[in-house]
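The sequence and structure are shown below.

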Amino acid sequence: QFDYEEVDGQLASGVVGRRATSVDWWAIAVVMRDRAVILRVDPDTDEIIVTLEKSPHPADGWDNVAELDYAIGSALGWCWIGRNYRGYLDMFTLSFSGLEPQVCFVAEASALKIKHIRADR
C-alpha cells in the first residue's frame, strides 16, 4: 500500500484497465498524468492490492474503462477499504470530488468487478 495523501485531490486524467472478461478486469488504473493509482487482485489470496505507480502505457494492453469516464477531470476524494469476515481486503471504494463514495471495486475470483454507488438512492 501507499500513503493515499499523495493522491488525495489530484485530478483524474483517465481510467484504464486490463480486461479479464467482458465485465471483469485484471487491473484498473486511475491515471493522474504521469502517475496512477493501480488496483489489482493478488492471485494467491484474492485480495485487492492498491499501488501508486508510473502511468501505464496503452501499448502494454491497457484499454479505456468507459463506465468510469465520468471520473475524468474529477479530483480523487476519499477512499475506503473493506475487509471480509476472514480479514481479507476484498473491497476498495473511491470518491471523486469529495466525501461521497461513487465506485466500489470488489475482488471476486482473482478479478476486479466495478460496483457503482448511487447517492440518490
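Which residue forms a salt bridge with Asp24, and how far apart are the closest N and O atoms? In this predicted model, the partner of Asp24 is Lys113, and the closest N and O atoms of the pair are 2.8 Å apart. The pair links distant parts of the chain, 89 residues apart: Lys113 belongs to strand E9, whereas Asp24 is placed in the loop between strand E1 (14–19) and strand E2 (25–32). Asp24 is buried, because its relative accessible area of 10% falls under the 20% cut-off.

**Salt bridges**

Side chains of opposite charge can pair when their charged atoms come close.

| Salt bridge | N to O distance |
|---|---|
| Lys113 – Asp24 | 2.8 Å |
| Arg40 – Glu53 | 2.8 Å |
| Glu47 – Arg83 | 3.8 Å |

The salt bridge of Glu47 with Arg83 has an N to O distance of 3.8 Å. Glu47 is located in the loop between E3 and E4 and Arg83 in strand E6, so this pair ties together parts of the chain 36 residues apart in sequence. Arg83 is exposed, with 51% relative accessible area. Salt bridges with shared partners also join Asp24, Glu108 and Lys113 into one network.

Between Arg40 and Glu53, the side chains meet in a salt bridge at 2.8 Å, N to O. Since Arg40 is part of strand E3 (residues 35–41) and Glu53 of strand E4 (residues 48–54), the pair ties together parts that are 13 residues apart in sequence. Arg40 counts as partly exposed at 29% relative accessibility, and Glu53 is likewise partly exposed, with a relative accessible area of 29%.

**Two loop residues**

Ser110 occupies the loop between strand E8 (103–108) and strand E9 (111–116). Its side chain makes a polar contact of 2.6 Å with the side chain of Asp46. Apart from neighbours within four places in sequence, the residues in contact with Ser110 are Trp26, Val41, Pro43 and Asp46.

Is Val65 buried or exposed? With a relative accessibility of 0%, Val65 counts as buried. Val65 is found in the loop between strand E5 (63–64) and strand E6 (76–83). When neighbours within four places in sequence are set aside, Val65 is in contact with Val15, Val16, Gly17, Trp25 and Ile114. The C-alpha atoms of Val65 and Ile28 are separated by 8.0 Å, and these two residues are 37 residues apart along the chain.

Methods. Residues are numbered from 1 along each chain as its sequence is written. This is a predicted model: local features need pLDDT of at least 70, side-chain atom pairs count only at pLDDT 80 or more; totals for chains, interfaces and linings use all residues. Side-chain values use heavy atoms; hydrogens and water are left out. Helices (H or I, at least four residues) and strands (E, at least two) are DSSP runs, numbered from the N terminus. A polar contact is a pair of N or O atoms within 3.5 Å; within protein, one must be able to donate a hydrogen and the other to accept it, and residues adjacent in sequence count only if both atoms are side-chain atoms. Contact means heavy atoms within 4.5 Å. Buried means under 20% relative accessible area, exposed over 50%, partly exposed in between (1.4 Å probe, protein chains only). A salt bridge is a side-chain nitrogen of Lys or Arg within 4 Å of a carboxyl oxygen of Asp or Glu.
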